[in-house]
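Subject: Handing over the structure

Hi,

As promised, here is the structure for you to look at. My notes on what turned up in it follow below.

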Amino acid sequence: MEGDSKEVARAHLADAGVVELPDDWDVVTLGDLFTEDRGIAVGVMYPGDHDPNGVPLIKAGDLNGSIVNPRPEFRITKEKHHEYRRTALSGGELVMTLVGHVGQCAVVPLHMAGWNAARAVAVMRLADSTETHFVQQCLLSRPLQHLMDVWCNTTVQATLNLKEIRQLPLPWPPKQSRDAIAAFGKALDDKIELNRRMNATLETMARALHQCWFDTHANDVEDRLVQELIDDRILLIGDGYRAKNTEFSPDGLPFIRAGNLKLDGLDLAGAEVLSAHSVAAAGHKIGKVGDVAFTSKGTVGRITRVSPRTGQFVYSPQVCFWRSLAPDKLHPNVLYRWMNTEDFNRQVAAVSTQTDMAPYVSLQDQRKMVIHLPPAGAQQEIAKLLVPIDERITANADQSRTLATLRDTLLPKLLSGELSVGDGNYSALSNSSNRREMKP
């Protein structure tokens, strides 16, 4: 029976694109690695109402790649936490999303001990905790991500069952190679996490500077209806291009939707491509550096700024944009920082409406908002302080995306034995067939 299960696992791995492995490698299933007690479980099914003083609950949206949101918005009561103590976290477990964006997988940091997870998140405990980071890297690799996508039940939304998770095949090289691959991936993940923490600090600094400056110039601030700024050609608020299914082809520009707006910037990865002919018809709906992209449907109010490194793209109807047409009168950094304030969020909430499908805020309602506009000279003053901070934030985010791309490119090669990581030397990769050193 064990031989049959091995063959099934190898066949599944081949379906994921990993056809050949070195002779001294094995294949295991994820279920083989779980502890007998609480090896895998789903989290809180009925969380109840938010308890500000309760236990942090990790929801599917709190996982982004290999990172858990350190400040989840929702908390459950201590009684509810005790009821679902099967998934109470100790630190060191693997958590993975089962619904929606399936396969986001992270190792729970020790400082999150005592938290819990939601129903859409699987909590996995390995019998050998030293393998946790290697297993995580396997699950985050393109082959396993592809297999999970194929295995998902998509009747309503993508959903992966615990049975399928147990059957996920993992390449299993010798221990030394497993540790080297895990360390390689973890080094990249740690740098990405460090960049995230740095950006969180920089964001706090920028907001504090903006608020202090705004308070200093409070007497000089002019309340302007957004519509007035549009009439004066100072500000443009636009929505996206309404594309038909026949307008997509490989020869145009990325077509961004709400999901492309990330906490660390605009991510064009995975976006559909709008044909060159349709791009020509999109006009001002093509993104420009300095735009503030704004989700106007579904999760209303998520914003991000278009940086010089983003490249060209076209907005979809799910995304509006605010664009300064006169930087000498409305500095783009000042506009972006104001759109990061509670004042902006309150106004968005006030003009948002609930449709049959999802929350929505129209262009007409956005133009009813009021912007607090300081004098142009004062804006240039604060911009001198904000621009270097914002540039550093953008550079950190771009570096993180580059590192994530490097990891996603190399992991499949490492996990198939095509490349191997030298002993602790993560900059030296060697071809496993002839052991020749390669410098990337």
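Predicted model: local features only at pLDDT ≥ 70, side-chain atom pairs only at ≥ 80, totals over all residues.

You will find Arg233 in the loop that runs between α7 (226-231) and β13 (235-238). Its backbone is worth a look too: phi of Arg233 is near 60°, a positive value in a residue other than glycine. For context, most residues other than glycine have a negative phi.

Now the chain as a whole. Its secondary structure comes to 12 helices and 27 strands. The radius of gyration is 24 Å, close to the 22 Å that the globule rule gives for 440 residues, so the chain is as compact as a globular protein of that length. Along the principal axes, the C-alpha atoms fill a box of roughly 75 × 55 × 40 Å. Of the 440 residues, 51% count as buried. The accessible surface comes to about 21,600 Å², and carbon and sulfur atoms account for 52% of that surface. If you take the contacts between residues at least 6 apart in sequence, 73% of them join residues at least 24 apart.

The part I would like you to look at with me is helix α3 (residues 132-140), which packs against helix α12 (residues 376-416), among others.

With α12, the axes come within 9 Å and cross at roughly 110°, which makes α3 roughly perpendicular to α12. Phe134, Gln137 and Cys138 of α3 make this contact with Arg407, Leu411 and Leu415 of α12. By class, the residues involved are 4 nonpolar, 1 polar and 1 charged.

With α6, which spans residues 175-216, the axes come within 8 Å and cross at roughly 70°. α3 and α6 are therefore roughly perpendicular to each other. On the α3 side the contact is made by His133, Phe134, Gln136 and Gln137, and on the α6 side by Arg178, Ile181, Ala182, Gly185, Lys186 and Asp189. This contact has 3 nonpolar, 4 polar and 3 charged residues.

With helix α4 (residues 142-151), the axes are 5 Å apart and the angle is about 60°, and α3 and α4 are therefore oblique to each other. Here Cys138, Leu139 and Leu140 in α3 meet Arg142, Leu144, Gln145 and Met148 in α4. The contact divides into 5 nonpolar, 1 polar and 1 charged residues.

Two other residues are worth a click. Arg197 is found in α6 and, at 42% relative accessibility, counts as partly exposed. Arg197 and Pro70 are 127 residues apart in sequence, while their C-alpha atoms are 9.8 Å apart in space. Lys6 lies in helix α1 (residues 2-15). Leaving aside residues up to four places away in sequence, Lys6 touches Asp26, Val27 and Val28. Between Lys6 and Val273 there are 267 residues of separation along the chain and 40 Å from C-alpha to C-alpha.

Have a look when you get a moment, and let me know what you think.

Best wishes

Notes:
Residues numbered from 1 in each chain as written. Heavy atoms only, no water. Axes fitted to C-alpha atoms, helices over the stretch in contact; angles between N-to-C directions. Helix = DSSP H or I, 4+ residues; strand = E, 2+ residues; numbered from the N terminus. Parallel < 35°, antiparallel > 145°, perpendicular 65-115°, else oblique. Contact = heavy atoms within 4.5 Å. Nonpolar A, V, L, I, M, F, W, Y, C, P; charged D, E, K, R; others polar. Rg over C-alpha atoms; globule rule 2.2 N^0.38 Å. Buried < 20%, exposed > 50% of the residue type's maximum accessible area, 1.4 Å probe, protein only. Areas by Shrake-Rupley, 256 points an atom, 1.4 Å probe, with all protein chains shown as cover.
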